[in-house]
Amino acid sequence: QVQLVESGGGLVQTGGSLRLSCEASGSIFSINAMGWYRQAPGKQRELVAVISTGGSTNYADSVKGRFTISRDSAKNTVYLQMNSLKPEDAAVYYCNVYAHAKQAGLIRPLEVWGQGTLVTVSA
C-alpha cells in the first residue's frame with residue numbers, strides 16, 4: 001500500500017508564494033510519475049503540473065511561468081512551488097502518484113491520490 005501526505009497549503013495574498021509538498025510512503029517499488037491537480041468549489045478537477053521519471057514536466061497553460069514542479073526521488077517527495085499567486089489559483093490541491101508497490105513478492109501498479117491541501121488566495 002502507498003500513502004500520500006500533502007502539506008504546505010494555506011492563505012496567501014495575491015502575488016505571494018507557497019510551496020506544496022507531497023511525500024509518498026509505504027511499500028513503494030518504484031514511482032513512474034508524480035503530479036498536482038486542483039479543484040475549486042463547483043469546478044472540475046484539473047491538471048496543474050506533472051513530472052515523469054525521466055524528469056520531463058508538463059504544466060497547465062494557466063500556471064506556466066509561475067509554478068514549478070520538482071521531485072526528490074530519495075525522499076519520494078514531489079513539490080509544487082507556486083509564485084505570483086492569483087485569486088483564480090485558489091483551490092484544493094491534490095497530489096497524484098503513479099507508482100508500483102511491492103507486497104509479498106508481488107508488484108502492483110497503483111495510482112494514488114493525496115488527501116488534498118487547501119490554498120486560499122486573497123485579493
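Predicted model: local features only at pLDDT ≥ 70, side-chain atom pairs only at ≥ 80, totals over all residues.
**The disulfide**

A disulfide is a covalent bond between the sulfur atoms of two cysteines. The count for this model comes to one disulfide, and the bond in question joins cysteine 22 to cysteine 95, with an S to S distance of 2.1 Å. Because cysteine 22 belongs to strand β3 (residues 18–26) and cysteine 95 to strand β9 (residues 91–103), the pair ties together parts that are 73 residues apart in sequence. The torsion about the S-S bond of these two cysteines is about -85°, and the disulfide is therefore left-handed. Since buried means under 20% relative accessible area, the values in the table place both partners in that class, cysteine 22 as well as cysteine 95.

| Residue | Relative accessible area | Class |
|---|---|---|
| Cysteine 22 | 0% | buried |
| Cysteine 95 | 0% | buried |

**The nonpolar core**

The largest nonpolar core holds 31 residues, and the members that touch the most other members are Trp36, Leu80, Met82 and Tyr93. Several strands give two or more residues to this core, among them β1 (2–7), β4 (28–39), β8 (77–82) and β11 (117–122), as well as β3 and β9. The largest share, six residues, comes from β9.

Which residues is tyrosine 93 in contact with, once its neighbours within four places in sequence are left aside? They include Trp36, Leu80 and Met82, together with Glu6, Leu20, Tyr37, Arg38, Val48 and Phe67, and also Gly116, Thr117 and Val119.

Technical notes: Residues numbered from 1 in each chain as written. Heavy atoms only, no water. Disulfide = S-S within 2.5 Å. Helix = DSSP H or I, 4+ residues; strand = E, 2+ residues; numbered from the N terminus. Buried < 20%, exposed > 50% of the residue type's maximum accessible area, 1.4 Å probe, protein only. Core = buried A, V, L, I, M, F, W, Y, C linked by side-chain atoms within 4.5 Å. Contact = heavy atoms within 4.5 Å.
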